[in-house]
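Take a look at the model below.

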Amino acid sequence: MIEQAFLSFDTIIVFISQVAFISGQIFAILNPLSVLPTFLSLTDDMVPEERHSIVLNSTIAVLIIAISLAVAGNYILGFFNINLASLRVGGGILLMVIAIEMLGGLPRTKSLESHNEVAIVPIATPLLVGPGTMTTIIVLSATYSVITLIVSIFFVVLITYLLLRYSELLSKFIGRNGIRALGRFMTIIIAAFAAQLLYAGISEWLISWGII
């Protein structure tokens with residue numbers, strides 16, 4: 001009984017560690033902090049009720065898209081006959097390009113004029129769930145269990161909801177320049193994750209070729 005209890009405790013610790021690790025990666029590429037300036041701009045002339053409705057609809061859309069990718073990730077890889085090493089290399093290149101664009105001030109957060117249906121397009125996608133987010137979730141789905149990935153997605157979406165919901169308060173507290181600075185910092189995490197994917201993918205290629 002005692003050994004089983006220790007095994008259960010160890011399993012819980014491993015699960016929590018994996019959720020924390022995965023959540024950090026998804027949060028970095030989702031990067032809701034970089035979306036806040038655009039969100040505030042698009043909803044600037046809206047009453048609080050309208051803004052809150054957009055936040056709720058956006059986060060629900062993000063949750064549905066992300067969970068769909070988490071569940072279908074392995075099937076997508078199988079259908080297109082793509083191995084994990086190739087996906088890591090391709091995803092790493094894509095994420096590195098996205099990180100460079102974001103650092104250069106050309107990111108998903110460029111200004112948009114339309115205020116119609118902003119909850120789904122552009123806030124939920126492509127601002128939050130873009131190609132980088134989709135690639136990251138598919139890569140993670142091939143590495144971790146679906147349950148662990150879904151719990152991580154729920155956690156990240158909850159944080160995203162809170163950031164958007166209280167974006168005005170956050171903007172007043174740290175200022176829009178502070179929000180942009182935090183968003184830029186998250187791009188460094190994205191670049192690091194991209195480098196990690198490239199390293200892992202290329203290493204797997206070299207091993208399969210018998211070079212190392």
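In which helix is the place of Ser171? Ser171 sits in helix H8, which covers residues 167-208. Helices here are DSSP runs of H or I with at least four residues, and strands are runs of E with at least two, numbered from the N terminus.

This is a predicted model, in which local features need pLDDT of at least 70 and side-chain atom pairs count only at pLDDT 80 or more, while totals for chains, interfaces and linings use all residues. Residues are numbered from 1 along each chain as its sequence is written, and side-chain values use heavy atoms, with hydrogens and water left out.

**Ser171**

Is Ser171 buried or exposed? Ser171 is buried, because its relative accessible area is 13%. Buried means under 20% relative accessible area, exposed means over 50%, and partly exposed lies in between (1.4 Å probe, protein chains only). Leaving aside neighbours within four places in sequence, Ser171 is in contact with Leu40, Arg176 and Ile179. Contact means heavy atoms within 4.5 Å.

**Salt bridges**

How many salt bridges does the structure hold? The structure holds two. A salt bridge is a side-chain nitrogen of Lys or Arg within 4 Å of a carboxyl oxygen of Asp or Glu. Side chains of opposite charge can pair when their charged atoms come close.

| Salt bridge | N to O distance |
|---|---|
| Glu168 and Arg51 | 3.2 Å |
| Arg88 and Glu204 | 2.2 Å |

Glu168 pairs with Arg51. Glu168 lies in helix H8 and Arg51 in helix H3 (residues 48-79), so this pair ties together parts that are 117 residues apart in sequence. Glu168 is partly exposed at 40% relative accessible area, whereas Arg51 is buried at 6%.

Arg88 pairs with Glu204. Arg88 lies in helix H4 (residues 84-103) and Glu204 in helix H8, so this pair ties together parts that are 116 residues apart in sequence. Arg88 is buried, with a relative accessible area of 15%. Glu204 is partly exposed at 31%.

**A nonpolar patch**

Which residues make the nonpolar surface patch? They are Leu103, Phe185, Ile188 and Ile189, and the patch has about 360 Å². Patch residues have over 30% relative accessible area and no salt bridge; like charges are joined within 9 Å, and nonpolar side chains (Val, Leu, Ile, Met, Phe, Trp, Tyr) within 5 Å. Accessible areas come from the Shrake-Rupley method with a 1.4 Å probe, and for residues only the protein chains shown count as cover. H8 gives the largest share of this patch, three residues. Ile189 lies in H8 and is partly exposed, with a relative accessible area of 35%.
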